[in-house]
Amino acid sequence: MLALSKADLVTDEGARAAVAEWRRRLGTEVPVIATSSATGAGLSELAGELLRHVVPSSTAAEAPAPAEVEELAEHMVFRPAAPSGFRVERLGPRSFAVRGRGIERLLLRYDVENDDAMAYVEERLRRIGVLKALEAEGFQPGDEIEIAGMTLELDPGAA
């Protein structure tokens with residue numbers, strides 16, 4: 001079976017012409033279907049065709065094994081993960097530091113002088129759990145927070 005994908009990128013006439021050309025090349029024994037995952041065109045026809053070729057489980061044991069089956073090597077790739085998370089350190093009576101590669105990278109992507117950008121960063125810090133961890137260490141609105149070498153004042157209650 002041959003599925004011609006991305007049929008939505010050509011005209012209906014172009015898709016029909018491509019199907020006709022492939023049917024001419026492959027013969028009538030090979031189904032040729034034009035599909036598009038974007039529009040869903042041809043997907044039900046493809047699913048039906050696939051189901052027609054599935055051996056029912058009751059006869060699967062009786063089905064002849066293919067003459068030569070090439071064994072595929074089974075392997076897994078393990079890569080060390082980057083350290084995740086963060087930690088909060090108290091630097092002084094009203095001063096805290098947040099350490100962690102991901103948090104530092106987050107802050108470095110935004111203009112700390114832009115109020116909209118900082119509102120977004122503050123919301124991200126809230127969702128990640130940084131603000132809750134700061135509050136657990138005694139953080140109060142207006143306290144200084146140092147992240148990635150920058151000193152900020154966050155006001156989580158002002159949202």
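Below is a short tour, stop by stop, with what to select and what is there.

**Before you start**

This is a predicted model, so local features need pLDDT of at least 70 and side-chain atom pairs count only at pLDDT 80 or more, while totals for chains, interfaces and linings use all residues. Residues are numbered from 1 along each chain as its sequence is written, and side-chain values use heavy atoms, with hydrogens and water left out.

**Stop 1: the core**

Select Val-98, Leu-125, Leu-134, Ile-145, Ile-147 and Leu-154. Of the 17 residues in the largest nonpolar core, these touch the most other members. A nonpolar core here is a set of buried Ala, Val, Leu, Ile, Met, Phe, Trp, Tyr and Cys residues joined through side-chain atoms within 4.5 Å. "Buried" means under 20% relative accessible area, "exposed" means over 50%, and "partly exposed" is in between, using a 1.4 Å probe and protein chains only.

Now colour the elements that give two or more residues to this core: strand 4 (95–99), helix 4 (101–108), helix 5 (115–128), helix 6 (130–136) and strand 5 (144–147). Helices (H or I, at least four residues) and strands (E, at least two) are DSSP runs, numbered from the N terminus. As a rule, nonpolar side chains in soluble globular proteins tend to be buried together.

Zoom in on Val-98. Leaving aside neighbours within four places in sequence, Val-98 is in contact with Phe-86, Arg-87, Val-88, Ile-103, Glu-104, Val-130, Leu-134, Ile-145, Glu-146 and Ile-147. Contact means heavy atoms within 4.5 Å.

**Stop 2: helix 5**

Which residues of helix 5 are buried? Pick out Ala-117, Met-118, Val-121, Glu-122 and Leu-125. They cover an arc of only 135° around the axis, which puts them on the same side of helix 5; the arc is that of the directions from the helix axis to the C-beta atoms. The buried residues of helix 5 pack against helix 4, helix 6, strand 5 and strand 6 (150–153).

Then look at both ends. Asn-114 caps the N-terminal end, with a side-chain oxygen 2.8 Å from the backbone nitrogen of Asp-116. Just after helix 5, Gly-129 takes a positive phi of about 110°.

**Stop 3: a charged network**

How many salt bridges are there? The count comes to nine, where a salt bridge is a side-chain nitrogen of Lys or Arg within 4 Å of a carboxyl oxygen of Asp or Glu.

Select Arg-87, Glu-89, Arg-99 and Glu-146, which are linked in a network of salt bridges. Glu-89 and Arg-87 meet at 3.2 Å, N to O. Glu-89 is partly exposed at 26% relative accessible area, and Arg-87 is partly exposed at 48%.

Is Glu-146 buried or exposed? Glu-146, in strand 5, is buried, with a relative accessible area of 17%. Its side chain makes a polar contact with the side chain of Arg-99 at 2.7 Å. A polar contact is a pair of N or O atoms within 3.5 Å; within protein, one must be able to donate a hydrogen and the other to accept it, and residues adjacent in sequence count only if both atoms are side-chain atoms.

**Stop 4: Arg-90**

Next, click Arg-90 in strand 3 (residues 87–92). Arg-90 is partly exposed, at 42% relative accessible area. The side chain of Arg-90 reaches the backbone oxygen of Glu-137 at 2.5 Å, and the backbone oxygen of Pro-93 lies 3.0 Å from a polar atom of that side chain. Arg-90 and Glu-137 are 47 residues apart in sequence and 7.3 Å apart in space, C-alpha to C-alpha.

**Stop 5: helix 1**

Finish at Glu-21. Arg-24 forms a salt bridge with Glu-21, the closest N and O atoms being 2.6 Å apart. The two are three residues apart in helix 1 (residues 12–26), so about one helical turn separates them. Arg-25 also meets Glu-21 in a salt bridge, at 3.0 Å, N to O.
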